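Work through the exercises below with the structure at hand. Each task is followed by its solution.

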Amino acid sequence: MPNAEAPSLPTVPVATPLANGPLPQPLAPTRPKHVVAWRRIVPFLLMQAACLLVFVVGWSPVAVGACVALYLVRMFGITAFYHRYFSHRTFRVGRVVQFCGAVLGASAVQRGPLWWAAHHRQHHRYSDTVRDAHSPVVHGFWWAHVGWFTSPDHYRTDLTQVKDLAAFPELRWLDRHDLVAPLLLLVGLLGLGAALGTWWPGLGTDALQMGVWGFCISTTLLFHVTACVNSVAHRLGRRDWPTADDSRNSFVLALLTLGEGWHNNHHWCPGTVRQGFRWWEIDISYYTLRMLAAVGLVQDLRGLPARALADERRVRE
Ligand SMILES: [Zn+2]
Ligand SMILES: [Zn+2]
């Protein structure tokens with residue numbers, strides 16, 4: 001299978017302690033004005049409100065199982081593909097796997113792969129300065145957690161940040177039609193619930209219950225845990241590496257995000273596929289990528305530079 005080579009290398013994932021480049025502005029000089037495009041976020045609010053339907057539809061093992069499974073699989077789509085592949089290009093894949101990873105990430109309802117990667121590359125370039133869209137240091141916790149993407153300023157995809165990805169028409173299409181994958185997932189869950197309710201009534205589920213658990217609850221959990229990497233992981237936790245930003249490491253967040261909680265590690269070496277550096281820094285996305293590499297679905301996982309473990313300039317707070 002041919003590799004999905006980019007026509008030009010991305011500019012962000014440079015494994016150096018100064019990966020963010022010279023800071024263009026001083027840390028948190030002023031807090032910029034925040035504007036929310038309320039009409040545009042109605043579907044997002046409705047999805048979260050629909051979680052309350054759980055008191056109407058009840059629960060069943062199969063519905064809760066779908067919720068957990070879709071949380072884990074789509075978290076992998078976000079962390080392994082949207083983050084470590086599309087944003088940082090820390091491994092290589094063929095074009096078919098690239099598209100499948102993009103669809104999986106898109107099913108998490110966090111916009112398209114180009115939009116996600118463009119904003120994330122900006123985050124690394126300007127971490128915890130006014131040009132970082134979701135810095136809790138500059139914008140406050142809640143804007144970093146749930147506010148920034150509701151702003152008209154961050155609605156569009158800045159293709160200049162993702163020229164390497166925009167070279168693929170199928171990725172541009174998926175980015176423009178970022179609701180297709182979530183809607184297909186929702187329709188699939190409703191259909192599955194209806195089929196199980198009809199042909200296997202002993203399971204105690206139906207269309208609405210599968211939709212509420214498998215889509216609304218699973219996606220809401222997935223969103224807030226992912227958003228914690230922007231908000232919590234730049235405020236709470238341990239700093240092992242002297243990065244220019246305020247990124248932190250958190251064991252609990254690393255478990256919930258399949259490895260992304262080692263965020264200070266990641267800001268220190270954004271060019272490596274690993275986020276857990278030491279054996280006890282659990283990084284499930286990395287272990288999964290190793291397994292996919294073993295069967296040939298992904299290639300050339302970029303490992304840790306030796307200095308990541310040898311550097312003596314580590315700081316602890
Ligand atoms: Zn960060
Ligand atoms: Zn990153």
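**Exercise 1.** In which loop is V109 found? Then describe its phi and its burial.

The model is predicted. Start with the place: V109 sits in the loop between α4 and α5 (113-125). Next, the backbone: its phi is positive, about 60°, although V109 is not a glycine. Most residues other than glycine have a negative phi. Last, burial: the cut-off is 20 or more other C-beta atoms within 10 Å. V109 has 22 such neighbours, so it counts as buried.

**Exercise 2.** Which residues of α10 are buried, and why do they lie on the same side of the helix?

Take the helix first. α10 (residues 180-199) has 20 residues and reaches 28 Å from its first C-alpha to its last. Its buried residues are A181, L185, L186, L189, G193 and L196. They cover an arc of only 140° around the axis, so they fall on the same side of α10. The face turned away from that side carries the exposed V187, T198 and W199. The cover over the buried residues includes α3, α4 (95-106) and α11.

**Exercise 3.** Describe the packing of α3 against α11.

Geometry: the axes of α3 (residues 61-87) and α11 (residues 207-230) come within 8 Å and cross at roughly 40°. The crossing is right-handed. Composition: the contact residues divide into 13 nonpolar, four polar and one charged. Among them are L70, Y71 and R74 in α3, and W213, G214 and I217 in α11.

Note on methods: Residues numbered from 1 in each chain as written. Chains lettered and ligands numbered in written order. Predicted model: local features only at pLDDT ≥ 70, side-chain atom pairs only at ≥ 80, totals over all residues. Axes fitted to C-alpha atoms, helices over the stretch in contact; angles between N-to-C directions. Helix = DSSP H or I, 4+ residues; strand = E, 2+ residues; numbered from the N terminus. Left-handed = near helix turned anticlockwise from the far one by under 90°. Contact = placed C-beta atoms within 7 Å. Nonpolar A, V, L, I, M, F, W, Y, C, P; charged D, E, K, R; others polar. Expected span 1.5 Å × (residues − 1). Buried ≥ 20, exposed ≤ 12 C-beta atoms within 10 Å, placed from the backbone. Arc of directions from axis to C-beta.
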